[in-house]
Amino acid sequence: SLASETCEELFTANAPRIDLALNGVEVFVNASGSHHQLRKLSLRIDSMRNATLACGGVYMYANQQGCDGGRLYYDGCCCIAVNGDVVAQGSQFSLKDVEVLDALVDLDAVSSYRASVSSFREQASHRTKVPFVKVPYKLCKPFQSGMVPTGPVEVMYHRPEEEIAFGPSCWLWDYLRRSRASGFLLPLSGGADSSSVAAIVGCMCQLVVKDIENGDEQVKADAMRIGQYKDGEFPKDSRELAKRLFYTVYMGTENSSEGTRSRAKMLAEEIGSFHLDVPIDSIVSALLSLFERLTGKRPRYKVDGGSNTENLGLQNIQARIRMVLAFMMASLMPWVHNKSGFYLVLGSSNVDEGLRGYLTKYDCSSADINPIGSVSKQDLRAFLRWAAVHLHYSSLAEVEAAPPTAELEPIRADYNQLDEVDMGMTYEELSIYGRLRKIFRCGPVSMFQNLCHRWCGTLSPSEVADKVKHFFKYYAINRHKMTVLTPSYHAESYSPEDNRFDLRQFLYNARWPYQFRKIDELVQDMDKDGKWVNSTEGELRRRKGVRSAEGGGMGVVAVGSANPSAGS
């Protein structure tokens, strides 16, 4: 007996398979459309195992594979589970259009498994019958010598660093071949974000060459077309392929350091990209001269005595020039090298910077697509360490070790611009804020309550309040930037991208008057007599790390075990 579930029914509480199993259905098939997300595969596998562990049966899970024409990437990994064991698992990241998985299963084992559970038999006897359609066709064979059911396999889980490498790589390749573009162009600054994107493109080239070596004719044909190979030639080396379809451009100014310039050049050489070093000081100077002629004033950096407004304006000029140059070169460089087509511009802002709004609107974060737009800085740094070894791009170790900086302000003996100082918060804190805001549905007050619990003993309530207010102030001020955010590979469930995953307003009252007043009231109560709540019960709650607030709160829950000989 066979029955089907649709994609999300695998994860629902009252799944159809429960009734179906109690009615005698042995095989469940799920034609799923489950997109990739970091650390998500274990949820799928556990759901399949638990589905057949509780009710018995065979679960056949098929999934889509490839780019859906948007932000999602479907990562395949079809599976077959029997009575709580996974007996077959497909590849999770592949350039193939189709992958087929099979296993030999014993349906008598399903019947035996179910018959051994008395509660299953009891529940099945009271279940309402479902309609069956009988088909005059046999799928099963009687037992024969030499027929051995497929045994359990050890499930293969990729590390998050590997998922960042392979998922966006496959997405980029699918996007590239389906868009009919001729390659990619990346503004490569030598920092962690743009270097991560460059490494992902390098990984894509490695996957393409590997699949060609393994005899995949479709990948070979696509690579020959995109790389514009002639006379039967095809890519045999990832660096040679990258030279044909990947441009990297370092656009430096007087504020750029020699360290980032050399790291960008070294990484480009390791990947094999066509690399350009383009100084843009003359363009910046021309725009400032034009502004001075129009207004009679010339802005100065903060370190030179300028105001915050002047300082921000000067940084934005550099950032936006880079965006214009990137798109100009993406459209004209193929023509320069006698190639047809156009190049897609790659963006390189991460999910934490998008959440905080720590980017210039219409700068290099504005591109055609962005493979890391929903990946956190913490995960990217782990990816860089992994890629330095496993992708053989050793310069990435040096990139990861360098402190994050935009290099948009002058470097002085007593001043060096740093991202975390500019933002007023660390990337680790930003990841926490992002998960609380989206996944745990926290506003300012509930985020404050959660963080008081999390950071108890490390920060005082007033310090937690300051951090929460600071985050929400800049989140509100910069939310409008999400409306023009470059389409990004979806990898995190707390992505702030407002096209599909985070549908919210983009005009907020940045003062948050009601919420911040409520936080101040909670801080005042918590600080009385050194207690979180001004009561004996409140002191107990403070010691146990339990918070309380009007309109909600937390209760202490206890569970224990007892010796059965002690009676009820």
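Reader: How many residues are in the largest nonpolar core, and which have the most contacts inside it?
Author: The largest nonpolar core has 59 residues, and L172, W173, F184, M204, F246, L346 and F383 are those with the most contacts inside it. A nonpolar core here is a set of buried Ala, Val, Leu, Ile, Met, Phe, Trp, Tyr and Cys residues joined through side-chain atoms within 4.5 Å, where buried means under 20% relative accessible area, exposed over 50%, and partly exposed in between (1.4 Å probe, protein chains only). This is a predicted model, in which local features need pLDDT of at least 70 and side-chain atom pairs count only at pLDDT 80 or more, while totals for chains, interfaces and linings use all residues. Residues are numbered from 1 along each chain as its sequence is written, and side-chain values use heavy atoms, with hydrogens and water left out.

Reader: Which helix gives the most to this core?
Author: Helix α6 (residues 192-213) does, with 13 residues; helices (H or I, at least four residues) and strands (E, at least two) are DSSP runs, numbered from the N terminus.

Reader: And where does the core lie relative to the domains?
Author: The core lies between domain 1 (2-126) and domain 2 (160-279 + 325-408), because both give residues to it; the bounds come from an automatic or database domain assignment.

Reader: What does F383 touch?
Author: Leaving out residues up to four places away in sequence, F383 touches E161, I164, A165, S196, A199, I200 and L391, contact being heavy atoms within 4.5 Å.

Reader: Switching to charges, how many salt bridges are there?
Author: The structure holds 25 salt bridges, each a side-chain nitrogen of Lys or Arg within 4 Å of a carboxyl oxygen of Asp or Glu. One of them joins D75 and R44, at 2.7 Å from N to O. The pair links distant parts of the chain, with D75 in strand β5 (residues 73-75) and R44 in helix α2 (residues 41-55), 31 residues apart.

Reader: Are D75 and R44 buried or exposed?
Author: Both D75 and R44 are buried.

Reader: What about D193 and K377?
Author: D193 forms a salt bridge with K377, and their closest N and O atoms are 3.2 Å apart. D193 lies in helix α6 and K377 in helix α13 (residues 377-390), so the pair ties together parts that are 184 residues apart in sequence. D193 counts as buried at 8% relative accessibility, and K377 counts as buried at 3%.

Reader: Which residues are linked in a network of salt bridges?
Author: D97, D174, R177, D222 and R225 are linked in such a network.
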